[in-house]
Each structure stands twice: as C-alpha cells, then as structure tokens.
Amino acid sequence: MISFLLSLIFLILGYLLYGAFAEKVFGADPSRRTPAYTQEDGVDFVPLNWPRIFLIQFLNIAGLGPIYGAILGALYGPAAFLWIVLGSIFAGGVHDYFSGMLSIRHEGKSIAEIVGIYLGKQARIVMIAFSVILLILIGTVFMSGPAGLLASLGFTGLLAKPNFWLAIILLYYFLATVLPIDKIISRIYPLFGAVLLIMALGICSTLLIKGYDIPEITLKSSHPDGLPLWPMLFITIACGAVSGFHSTQSPIMARCLPNEKYGRRVFYGAMIAEGVIALIWAAAAMSFFPEGIAGLSEVVDAGGAALVVKNVSLGLLGPAGGILAILGVIACPVTSGDTAFRSARLTIADAMSLDQKPIKNRLIIAIPLFAIGVSLTMIDFTIVWRYFAFSNQALATIVLWTSAVYLSNNDKFHWITTIPATFMTAVVTTYILQAPEGFGLPSSITYPAGVICAAAAFGLFATFLRKRSLPLVLHSE
C-alpha cells in the first residue's frame with residue numbers, strides 16, 4: 001500500500017512542481033488575448049470559466065482508457081503504478097499542456113494544422129487523415145460500448161435492447177457535435193464529472209479503509225501470459241499515462257479558455273486527474289480479487305475489463321454505490337465519444353477553411369461523419385481496434401516532436417518535450433515490430449531496433465537544431 005500512497009502523492013507534486021515548470025518553459029502570458037475572445041463565434045469559440053473547462057477537458061480525455069487500460073495494465077503487476085506516475089507527469093501532462101497551449105497560440109487550430117506548421121505540409125495531410133479516422137473510430141466504439149453496458153443493467157423490454165440505447169446515444173452525439181458548446185456539453189459535464197469523481201474517491205477510500213493488500217512496486221512483469229513490460233505495458237496503459245487522443249481534444253477547450261494562466265489547471269491538471277483515476281483502478285484490480293493478479297486474469301478472460309469494473313464496483317461500494325460507479329464508467333466513453341465527433345468536425349473544417357458559425361456548414365461535415373460512424377457499428381472491430389493503442393501512442397509521439405520543434409524555434413528549453421518524444425519513439429517502434437498485429441519479430445531484434453529508431457529520430461532533430469544555429473552567409477558576385 002505504501003507504493004500506492006506514494007504514487008498519489010507524487011502525482012499531486014508533479015502537478016504543483018513539474019506542471020509549473022512546463023508553464024514557465026512555454027511562457028504562458030496572462031495579458032495575451034485568447035482565441036475565445038479574438039475568434040468568438042458563439043459556437044466553438046465561447047469563453048467559459050476554467051472550472052467548467054477543466055471538467056469538460058477531464059471528461060473529454062477520460063473515456064474508458066484510464067479504467068479499462070489500467071485494469072489490463074494491472075495484469076503486468078505493480079510496475080503499472082510507476083508508468084502511470086512517470087508517464088502522467090513527464091509525458092502525458094507535458095503532451096496535453098503543449099497541445100492545448102499551442103492551439104491557443106495559433107488561433108485555436110486543430111492539432112493536425114499545428115503539426116503542419118512545424119513539421120511541414122506533408123505531415124499536415126497525414127495528420128488530418130490520421131486524426132479524422134482515429135476520431136471516427138473512437139466515436140463509434142464509444143457509441144456501441146455504452147449502449148451494450150446500459151442494456152445489461154437489468155432493464156426489461158425496449159430498455160434491454162442495445163440498439164435502443166445506441167439510437168439514444170447517436171442522437172445525443174449528433175446534437176453535441178453540431179450545437180454550440182455552451183448549449184449541451186458545458187451544461188451536463190459537471191454532472192458526469194461528479195459521478196466519475198465520486199466513483200473514484202469511493203473505491204479509493206474503501207480500499208484504504210478496509211485495508212486491501214495493494215502490492216508494492218517491483219520492476220518485473222507479472223502478466224499471466226508472460227508478456228514483457230517493455231514495450232507492452234507502455235502501450236496498454238495509454239490514457240492514464242500519455243495518449244495522443246488527448247491532443248485532438250485540447251484544441252476544443254483551447255477555443256474556450258479565457259486566459260492563458262488557466263492552461264496548466266485545465267490541460268496539465270486534467271491529465272494528472274486522469275492519472276489518479278488510472279492509479280485507483282489499477283490498485284483495485286490488483287488487490288480486490290482473493291487470488292490477486294491470477295484472480296484478475298480469470299475475470300478478464302471471462303468477461304473482459306467490463307466484468308472487472310462490475311465486480312469491483314459492486315463488491316467495494318455495494319448495490320447502490322456499485323450502480324453509481326457503473327454509471328460513471330458509462331459516462332466516461334459517452335463524454336469522449338461526443339467530443340470525438342466534434343473534434344473530427346473541427347479538424348475537417350480547419351482543413352477546408354470552412355466557417356462553422358452557419359449551421360449548414362456544420363451539417364455538411366457532421367452528416368457524412370455520422371453516416372460513416374453508424375455503418376461502422378455494424379462490423380466487427382476486434383481486428384481493427386488492435387491497432388488503436390499503437391496509433392494512439394504514435395500520435396502522442398508526433399505531437400511531442402512537434403512541441404519540441406516549437407520550443408527550439410523559440411529558443412526555449414526543448415528537452416522537456418524532446419526526452420519523452422524520444423522515449424515514445426522507442427516504445428511505438430518496438431511495439432509495432434514485436435506485436436502479433438505488427439511484424440511479430442522476436443525481442444532480440446525489436447529491442448535494439450526500437451533504440452536505433454529512437455536514436456535516429458533524435459539525430460534528425462539534432463540536425464534540425466544545427467541547421468537553425470548556422471549563421472546566414474551572404475555571397476557577393
């Protein structure tokens with residue numbers, strides 16, 4: 001239990017100390033007018049107070065990742081605590097803060113546009129396609145998943161049919177995508193946020209009060225299938241440590257932030273809060289079952305992470321608290337799915353330079369997006385979704401490198417992003433070379449290859465720095 005408590009303390013200290021350092025490196029300017037005012041349109045650019053923006057950002061990025069990912073990461077053992085803490089502080093928090101603040105400094109542009117500014121036009125085109133596909137996939141899965149969970153709560157008749165809930169969620173998603181952000185999203189998110197926070201605090205306090213045996217950190221894998229920590233753990237726990245999906249959500253809130261001084265609270269703070277959620281669920285998953293990780297593995301095999309959530313919630317909080325906790329888990333994907341589609345609309349609108357104030361322009365983009373999303377609910381995602389975790393971390397890596405270029409261009413301390421960018425380059429390249437859904441190569445090849453790719457990426461960045469520092473020589477004839 002000592003490791004768990006220290007991990008919570010370090011996450012809080014990370015926000016207070018390293019978050020402040022990231023803010024200083026970026027150079028947040030309270031006197032600078034933000035896009036919420038300079039671009040105000042009453043639809044997407046709407047000034048909101050920072051607590052409301054924090055809750056929206058927190059729920060946007062949370063989804064099922066910090067819960068399901070943490071549960072699956074718990075199979076590797078208490079080393080998961082270490083990755084959640086270090087990842088949230090030095091990679092995820094930095095990634096989220098810079099993606100949000102760069103959007104603020106660039107008129108609220110989407111992350112694909114920002115990548116294009118610093119990594120070139122070809123990178124922009126790739127990022128637009130990559131982001132939109134990823135967001136549609138996320139929105140679709142977060143449409144189907146909650147519908148299935150709601151139908152399984154013991155209702156009868158129409159309420160027990162997943163398609164009924166799917167239609168309700170689809171209607172909500174569409175409205176949340178096209179209506180002004182202050183009409184639906186900013187009004188209902190505080191309620192969802194309260195449910196999620198109560199759930200986490202309830203589970204955490206019960207673990208501590210009842211004295212559950214939360215294991216101490218070790219640097220070895222406990223995975224029942226013998227999977228290694230490197231790189232599998234770093235891909236399994238994405239949300240809750242570092243996640244590229246967050247960079248698609250930060251620009252939504254960058255368009256509403258009234259002052260740059262709130263950037264650390266909203267972007268870095270929401271990532272740390274998500275890290276706390278992941279830490280609590282990882283601890284609960286490791287300690288709730290009598291057989292420990294072996295018992296966890298049996299439940300995962302029987303019903304996946306969803307069954308773990310149900311058993312832990314009901315077992316720790318009782319029937320009433322358990323239902324509230326399960327509803328919180330349902331709210332997580334719903335509040336990420338709606339903004340996934342909204343972010344996809346904004347990404348396409350930015351790429352087309354299409355003004356989103358007229359409702360017809362929003363519908364022109366939203367209707368085809370939802371037509372694709374609905375059609376995707378009818379196919380099996382088992383194979384396609386295996387690539388999501390890799391794609392998510394690859395996106396985070398690109399955004400970290402983009403932030404490094406921004407900092408170097410402005411003669412700022414780029415190492416705050418260069419180091420996690422290099423590390424994540426090694427993670428994603430090692431994973432795709434080693435994983436069954438990738439090339440399936442042995443670790444004797446993938447480990448050195450990952451290091452070489454990371455070194456090569458850093459070498460390219462170092463070359464970029466040297467070219468920037470070369471003096472301009474004028475030749476006369």
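Modeller: The protein exposes about 19100 Å² (Shrake-Rupley method, 1.4 Å probe), and 68% of that comes from carbon and sulfur atoms. This is a predicted model, where local features need pLDDT of at least 70 and side-chain atom pairs count only at pLDDT 80 or more, while totals for chains, interfaces and linings use all residues. Residues are numbered from 1 along each chain as its sequence is written, and side-chain values use heavy atoms, without hydrogens and water.

The C-alpha trace spans about 85 × 55 × 40 Å along its principal axes. The protein has 17 helices and 0 strands (DSSP runs numbered from the N terminus: H or I of at least four residues, E of at least two). Of its 477 residues, 58% are buried (under 20% relative accessible area; exposed is over 50%, partly exposed in between; 1.4 Å probe, protein chains only).

Now the rings. The whole structure holds 28 aromatic pairs (Phe, Tyr or six-membered Trp rings with centres within 6.5 Å; planes under 30 degrees apart are stacked, over 60 edge-to-face, the rest tilted). One of them joins Tyr 18 and Phe 90 edge-to-face, with 4.7 Å between centres and 70° between planes. Because Tyr 18 sits in helix α1 (residues 2-26) and Phe 90 in helix α5 (residues 79-105), this pair ties together parts 72 residues apart in sequence. Phe 90 is partly exposed, at 37% relative accessible area.

Tyr 172 and Tyr 173 make a tilted pair, 6.0 Å from centre to centre and with planes at 55°; both residues are buried. Elsewhere, ring pairs join Phe 26, Tyr 97, Phe 98, Tyr 118 and Tyr 406 into a cluster.
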